[in-house]
Amino acid sequence: MKLEIQLTGADGKRKHIVELEQKGELWGVSLDGQALDADAMQIAPNAVSVMLGGQSFEIHVSRSADGTLNLQCGPHEFSAEIIDPRAWRGRKHGPVEVEGRQEILAPMPGKVVRLLVAVGATVEAGQGVLVVEAMKMQNEIRSPKSGKVERLLVKEGQSVNAGQALCVVA
Amino acid sequence: MFKKILIANRGEIAVRILRACRELGIQTVSVYSEVDRASLHVRLADEAYLIGPASSRESYLRIDKLMDVAKKSGCDALHPGYGFLAENPALPRACVDAGITFIGPSAEAMEAMGSKTAGKQLARRAEVPTVPGTSDPIENPSEAQALAQSMGYPVLLKAIAGGGGKGMRVVPNDAAFASAWRDAASEALNAFGDQRVFLEKYLVGPRHIEIQILADAHGRCVSLGERECSVQRRHQKVVEEAPSPVVTPELRRKMGDAAVRLGRAGGYTNAGTVEFLVDADLNFYFLEVNTRLQVEHPVTEQVTGLDLVKLQIAIAADHRLPFAWETITPRGHAMEVRLYAEDPDNNFFPSPGKIISCHVPTGPGIRLDEGVYEGWTVPMDYDPLLSKLIAWGNSREETIARLRRALDEYTIMGIRTNVGLFRRILAEPEFLRGAIHTKWLDEMLARPHPPAASPRPGTEEAALIAAALWHSAQSNASTPGGTAPQEAPSRWKMEGRRRQMDHMP
């Protein structure tokens, strides 16, 4: 099996070709065409043990909602995107940005408990525009830029999902 | 002794109480809201009853429903845990009316000590030093603001019924007063059903050190020593330890005496905590009494060898505390970190969701009090505390080393947690020296992040290999006829292992 993987770590993104070959209960590995002194084994549904030149690593793996893999090795985290020719995945859309207009998204699921500004109000960067309560904590959501509140997309008392648009500042 | 106890709580503390009951051979009854059907405290209980929808005001805060369950299931006692109704005197009253023993102080002792204003008045009478401030709730925001102006900023707004940082706001200046008042009152109303707030002068840079007391119904009140809880974010304790790095045996005795004096003056029974602020010259000021079990009680348990929940139950069952406990001195050092479902990289926003995988630390000196499990979905409706990781060691250094080691073993995937925050705290030179105060963590977080230690060579390659293997295993599993990456164990290998076992002495 041959896979192209884009790995994102603390120091940036890189693309690699990983080839796996099954050898009994272990897997042999080559990376970017070079055979490695390595073997790997899935030791739990979400954990892989990798032996690399005698160095032992344990990697915990999970798939996030957008399909990328989250990888944890002790305190270190990576994300990986598998570029699998057999799979088709739609492109991810970034937040709408039209010439300085900013859409403020809910950073977590919760309930809008208070609107702090009205449509048409002028706001400073960092000024609170509304308050979302989640897990009994009230969190003020701030404007990312100075400008005018163009639209308020939620009402007080409304439940919101993570990523839902709350307000547009232009 | 009791036959059956109703646990009027959820999460890790409900599980903690369940475990104590099981060890004592007492039957347990849990209650749960609609979103908690699959929670650990429901799974582990002997009996469990649905008491309402997700909103705690319609479930965990409904005394009438709790009493119905207690009567229906034949409970003879109720443990409130912490939070929810634990410090609401209406609950012990309802228990008395229903003929059920409340595991905690009497409603009268709760009123005399638990409310922050009443506690302060009592402290003055018992000659325990207090921080300047109002001792009564203030109804009118403009009156409160005028008082704040005359007292001088910064001031602190606190919910009368509060605890755990809910309904509490520091007001740095006059301009911030109105919005802070609004937030504190509405948070207090949501969390405790009581929006009353009072005002206090805010001390700059004090330590938070508290004394655990136990009092039986036969006039004995003892101190189990202190806990240092100065590492706080937004007034929420994040790391707690016992003993405190600055408390000398003499100061411990003085603070313990003051706490016991206060407990006696308030006619207190059962477990309670007297919180103090301690300034740079080691003067201590009474802050408040928590008339319940604390979140951080395990650190006291680890250094005293006592089980506080079992002692609470014994005291409620009218047992006497033995004399010897009055001379307790801490053995070794214990430290607790509170794991929350929140994202430290994104302003600590709550991160509810499904726990895809959970690998927990074990080994020498490690204790984990948790309320979650792999495959469970953390609801968005409650406090995001997932678990408490507690380490014990012979010295503070050994304890910190064990805690660091355990944090590296602890992996929770699917939700964001604050585990990375503890790695950072446990590496800070000031923390290692014990040079901490209640604003220390907020100041640390305001500084730029130090660059994370780079992973050892090979980590990136290992991550790539793991990603490829996991991905191919997943796609094989979903393709009919695909081979699973793990084959059945080799019979040759099994035979070899069996023979080796036979050779073991």
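Me: How many Å separate the centres of domain 2 and domain 3 of chain B?
Reply: Going by C-alpha atoms, the two centres are 26 Å apart in this predicted model.

Me: And where do the domains of chain B run?
Reply: The domain assignment puts domain 1 at 4–103, domain 2 at 132–201 and domain 3 at 207–446 of chain B.

Me: What about chain A, which domains does the assignment give there?
Reply: Chain A has domain 1 (2–83) and domain 2 (97–169). Their centres, again over C-alpha atoms, are separated by 39 Å.

Me: Back to chain B. Which residues touch the most other members of the largest nonpolar core?
Reply: Those are B:Leu6, B:Leu78, B:Ile213 and B:Phe276, in a core of 113 residues. Domain 1 and domain 3 of chain B both give residues to this core, so it lies between them.

Me: Take B:Leu78. What is it in contact with, leaving aside neighbours within four places in sequence?
Reply: B:Leu78 is in contact with B:Ile5, B:Leu6, B:Ala8, B:Ala70, B:Cys95, B:Ile100, B:Phe102 and B:Ile103. Apart from that core lies another, of 31 residues, and its members include A:Leu7, A:Ala38, A:Leu52 and A:Phe78.

Me: Now strand 10 of chain B: how many of its residues are buried?
Reply: 12 of the 13 residues in strand 10 (221–233) of chain B are buried, which leaves the strand mostly covered.

Me: How does strand 9 of chain B join up with strand 10?
Reply: Strand 9 (207–215) of chain B runs antiparallel to strand 10 of chain B, with 6 bridges joining them. B:Ile211 sits opposite B:Glu226 there. The two strands form a hairpin with 5 residues between them, and in the turn B:Gly219 has a positive phi of about 90°.

Me: And how many bridges are there between strand 10 and strand 11 of chain B?
Reply: 4 bridges, with strand 10 and strand 11 (236–242) of chain B paired in the antiparallel sense. B:Val231 has B:Val239 as its bridge partner. This hairpin has 2 residues between the strands, and B:Arg234 takes a positive phi near 50°.

Me: Switching to helix 6 of chain B, which residues are buried?
Reply: In helix 6 (116–125) of chain B, B:Lys116, B:Gly119, B:Lys120, B:Leu122 and B:Ala123 are buried. They are on the same side of helix 6 of chain B because they cover an arc of only 165° around the axis.

Me: What's the phi of the residue after that helix?
Reply: B:Glu127 follows helix 6 of chain B, and its phi is positive, near 60°.

Me: How many bridges join strand 11 of chain A to strand 16?
Reply: Strand 11 (110–115) and strand 16 of chain A run antiparallel and are joined by 2 bridges. A:Gly110 stands opposite A:Val160 in strand 16 of chain A.

Me: Last topic, the contact of the two chains. How many residues does each give?
Reply: Chain B gives 45 residues and chain A gives 49 residues. On the chain B side, helix 16 of chain B brings the largest share, 15 residues. That side divides into 22 nonpolar, 14 polar and 9 charged residues.

Note on methods
Residues are numbered from 1 along each chain as its sequence is written. Chains are lettered from A and ligands numbered from 1 in the order in which they are written. This is a predicted model: local features need pLDDT of at least 70, side-chain atom pairs count only at pLDDT 80 or more; totals for chains, interfaces and linings use all residues. Two residues are in contact if their C-beta atoms, placed from the backbone, lie within 7 Å. Ala, Val, Leu, Ile, Met, Phe, Trp, Tyr, Cys and Pro count as nonpolar, Asp, Glu, Lys and Arg as charged, and the others, Gly among them, as polar. Two strands pair if DSSP finds at least two bridges between them. A residue is buried if 20 or more other C-beta atoms lie within 10 Å of its own, exposed if 12 or fewer, and partly exposed in between; C-beta atoms are placed from the backbone. The arc is that of the directions from the helix axis to the C-beta atoms. Domain bounds come from an automatic or database domain assignment. A nonpolar core is a set of buried Ala, Val, Leu, Ile, Met, Phe, Trp, Tyr and Cys residues joined through C-beta atoms within 7 Å.
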